[in-house]
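Reader: Hi! Could you walk me through this structure? I'd like to pick it apart piece by piece.

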Amino acid sequence: MNRFDFIRPTSLADAVAAGTSPGSVYLAAGTNLIDLMKIGVTRPERVIDISRLPGLDRIEWLPDGSVRIGALVRNSDLAYDKRFAAAYPAVAEALLSGASAQLRNAATVGGNLLQRTRCAYFQDTASACNRREPGSGCDALQGENRLHAVLGWTEQCIATHPSDFCVPLAALDAMVEIEGQDGRRELPIGALHRLPDAHGATESVLAPGDLITGLRLSESTAFAAHARYVKLRERTSYAFAIVSAVALLSMDGDRIKASRLALGGVAAKPWRASAAEAALVGQRATREAFERAATAALGDARPSGDNAFKITLAHRILVRALTLAHQGTPKVLPALPASPFPDPHSPAPKGDLHVA
Amino acid sequence: MSPEISSHQAAPSETKAAANRYGSNAGQPLTRRDGLLKVTGRATYAADNHPEGLVFAVTAVSRIARGRVRAMNIDAAKAHPGVIDVLTPANRPPLSHDPDEKMPPFGFRVEVLQDDGVRYANQPIALVIAETLEAATEGAVLLDPQYDVEPARVDRATGLRFDPPGVGVGGDPSTAYGDLDAGFSQAAVTLEGEYETPPQYHNAMEPHAVVAEWDGDRVTLDMPNQALAMSCASYAAFFGIPVENVTIRSPFLGGGFGSKAIINGPQILAILAARMLKRPVKLVLTRAQMYGPVGHRGQTWQKLRLGMDSDGQLTALHHRSMSATSAFEDFLEPAANASLPLYASPAILVEHEGLRLDTGTPGPMRAPGEASGSAALEVAIDEAAEACGMDPLAFRLKNYAETEPGTGKPFSSKALRTCYAQGAARFGWSRRPLSPGQMRDENGLLVGWGMGTAVFHCPHFPAEARATLRADGTALVETGAADMGQGAWTALAQIAAEALGLDADQVEFHAGLSTLPDAGVAGGSAHTASAGLALHQAGGDAIARLTDLAVNDPQSPLFGAGNIGVIARRGRLYRRDDEARHESYAQILARSGQSEIIGTAKSARDPAVASDHALYSHGAVFAEVKIDPDLGQIRTTRLVGAFAAGRVINPRLVQSQYFGGMIWGLSFALHEEAVTDKRTGRIMNADLAEYRVPVNADIPPLEAILVDEEDAIVNPIGVKGVGEIGITGTVGAIANAVWHATGKRIRKFPIRIEDML
């Protein structure tokens, strides 16, 4: 690890002023940053500890029914907040399916949004990576890439965004509050992360010094009764998604009034499936309708390497998320959140969940 | 048991009949003697040592797999605040042993900066020593090595094939019994399959570490080590000092799995740096640095060909493994040998081919050979049963080996039939449909049942021990055993207590230190038997000496009992034919005027035992998997093993060993794999986030049935090994269950989600 300056500002303004100078990074829980510093992917000149900035660790309910979540709220504190989990059950489920209990107890909401890709070539400083070193190339393209992107990638970068939390946030159009050099502004989360283009792989639209201070989720009671996040992974816990999906349904009898859908593990950003949402409006909640929606969601998908199976899985996980969401939000969070396996403590699911 | 031992054999306990022969301690499920220390953080591991004046060493490692280091920026590293020195091939002080020469019996060629060549990724190419770990780490980065790169050979297409002179540690590369061609010509059904197992890494929780401190030409090494005496000899050779000048302290290991039995380059370099700087040096490998210089389970590509007659009886069995090794060493996973001891075929041929890759040298890793080989064999057996239209258990029983195949030697004991029966009954195997894809659970998940046979051989290492009976009637027992976490501190003390006729809490047990008597290697599942036999005999020796005092002392109630014999129990000697006549150890010692009595032993296997018998532990593993039919996600939902491994010293610890093996088998079947970039030879998942071992939530309720097995032949204490066998049947059982659930026969491990689509 290189030598760096460590400062601990006491106000947001001081933090942003410090963060604006080149080579600066913000440190909250450090669950991602410290690892990257240890392996040399990030070599900051100055680490700005924001973990003790006042006022960023609160969950506030606003008069219009929306909620503001401070950037320093811990992942597990948010997931286990009873009111939050009742209002946004799929967000809580996504949070609890991420990382490990120890990491969730430390990791912050703001940090989760900005966690870096788990692409092995990004983490390996001896490999070419346009994300780590713009213009150096992408060694993942011809490398070990079975878990890489199937949507929105270019030859500049085929990495995926690893967050579970961001997937339902994308579906819910969360607003991201940012403090920057020119004051406060906000963005929908869909505009925060950037996909690679023909020239490079810039990860976000944030400018030097920009600091995420919180998130806002608008009132979404309409979706709370039919909300699920489902995640496929290579072991039952402590693994990033091979693919994941969130499905939020607003039902009118057996017809779908509206839906919010997004996929995880498929692209450089949480992937909002707008075409699939449109395909479901006014439809009866049937397996066939879900299949059509999944087909619409993955119309542009193409393998970036040895990963065509991920397109199949992404399709199926979306159908599964829709099926489970239609069955209804579980009264209590499953013991294994987001697992496709039935919860041993819940009644067996019914309906067309399992079709051979 | 030999007569002189049985004359003062420990007395029966009051507990259940099966344990009666074994006294009050062995056979009891004691909890770990070191448990409290460990759960309270007071057990000190090697890296917990901080001698005065300590400095820190960090290896710089190669980022290419083949070529040479052209340049390093040593000035930049040395200029970094806190950096003391940088060891490179240019200034590395000489060693007294040529690192390019093997060091028998288990020592491999090691990479200790003997030249600028690079032979694998993560090879040490320099050692940076600094006042702090952080400074040494950054110094290694600042070296910024430049390379002349040659293409990496890391797959089957580019590796160099060779006919190996041996496999494993000194094993024959091929073994043939019977007429293979005749066997196949008689076959009504012939089955062929190709199987692949990946490179796997030990990933002990505790990384390899050393704290080395010199005092003149004597050195003290705090390091996790599975083979104290052997390692002392190796270090003595490398540093040109008498073996008694090397002290290794290794009270606790955070896992070893074979990787801490072999001398490795980074530890040698740290010891060298300590001598050069005349300051104690600490080196702790990072997780990533363990993927190279400290061994792994080499990749295999195996071919199996089985012939069966119309009754499902094997007529021929041919198992060929291509096993990968490094470009500069020869250790080969003896995978095909897994087909030698298990199934009765009149003709068996096992053979190995070597494949040189630009990787670190593989080495023994929990069940070396057996794990990879039985993974392939047990799937092939399942396929053979399928081809014959037979239940896999019925097929195995049909081909049950009553004597060792090929040699015809009798087994010293073999309760495998009981393992099959008890495991199958417990699992409910008789309800299994023959065809795949027949079972669904209440949620519509595909359900499959599979089984595998477990087997592991019983090596035995020479070992020594010392038992001291003290004036107060308690004992001190000493041997240089290694507790890798398996419970040696506890099980070995139980054996010693039994031999001494004392309760375990009357026995102070010392181990994990090289100045103690040599306890051999904690490997090959042989430690309890090897060190245990030495302890048993040392205890017997002490009791025999005590008995001599008593029976020859006219003042003792035991006077004159020499020809009749005495029984040692609970700190007293009892006259065998009249238990009303007895005397405590303390009384005997007090009257004799001796403050203590020391018994010693040097134990080894009787060569005739191995030449006349086949020595193996056996078991049967039954697995249930459930698979989501849409998503392909696999979960093991039940795992039942039944194992027969001779006498059980501590059923709690033995069950724990079986569980650990079975979990590793599950990991082998469904999770573990080191992923290598084929262009660079770098391992791309060298951390515990991406090298996936199972988490608790992946592990179903486990059952390990301890099948009774008496073995009066294998060694005088009747103990076989339990440390490795659990992995061997489990891999195949799970793969076979996956087939039974889906009809998909996967022959490449680990089985992945895309294999199910």
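Author: Happy to. Let's start with B:Ala642, which counts as buried because it has 29 C-beta neighbours inside 10 Å. Buried here means 20 or more other C-beta atoms within 10 Å of a residue's own, exposed means 12 or fewer, and partly exposed is in between, with C-beta atoms placed from the backbone. This is a predicted model, where local features need pLDDT of at least 70, side-chain atom pairs count only at pLDDT 80 or more, and totals for chains, interfaces and linings use all residues. Residues are numbered from 1 along each chain as its sequence is written, while chains are lettered from A and ligands numbered from 1 in the order in which they are written.

Reader: Thanks! Which residues does B:Ala642 touch?

Author: Leaving out residues up to four places away in sequence, B:Ala642 touches B:Cys419, B:Gln422, B:Gly423, B:Gly619, B:Ala620, B:Ile705 and B:Val707. Contact means that the C-beta atoms, placed from the backbone, lie within 7 Å.

Reader: And which strand does B:Ala642 lie in?

Author: B:Ala642 is part of strand β27 of chain B. Strands (E, at least two residues) and helices (H or I, at least four) are DSSP runs, numbered from the N terminus.

Reader: What does β27(B) pair with?

Author: β27 of chain B, residues 634-644, pairs with β28 of chain B, residues 702-706, in the parallel sense over 5 bridges. Strands pair if DSSP finds at least two bridges between them. Within this pair, B:Phe643 stands opposite B:Leu706. To get from β27(B) to β28(B), the chain passes through helix α16 of chain B, residues 651-670, in a right-handed β-α-β crossover. Right-handed means that, with the strands pointing away from the viewer, the path from the first strand over the helix to the second runs clockwise.

Reader: Changing topic: how many helices and strands does chain B have?

Author: Chain B has 17 helices and 28 strands. Of its 757 residues, 60% count as buried. The C-alpha trace of chain B spans about 80 × 75 × 50 Å along its principal axes.

Reader: What about the domains of chain B?

Author: The domain assignment gives domain 1 (3-30 + 462-604), domain 2 (46-151 + 206-290) and domain 3 (409-460 + 605-757). Those bounds come from an automatic or database domain assignment. Between domain 1 and domain 3 of chain B, the contact takes 23 residues from domain 1 and 22 residues from domain 3.

Reader: Which element gives the most on the domain 1 side of chain B?

Author: That is α13(B), with 6 residues on the side that touches domain 3 of chain B. By class, this side of domain 1 has 11 nonpolar, 12 polar and no charged residues. Ala, Val, Leu, Ile, Met, Phe, Trp, Tyr, Cys and Pro count as nonpolar, Asp, Glu, Lys and Arg as charged, and the others, Gly among them, as polar.

Reader: Last one: where is the positive phi in the hairpin of β22(B) and β23(B)?

Author: B:Arg570 takes a positive phi near 50° there, in a hairpin with 2 residues between the strands. The strands, β22 (566-569) and β23 (572-575) of chain B, run antiparallel and are joined by 4 bridges.

Definitions and conventions: Two residues are in contact if their C-beta atoms, placed from the backbone, lie within 7 Å.
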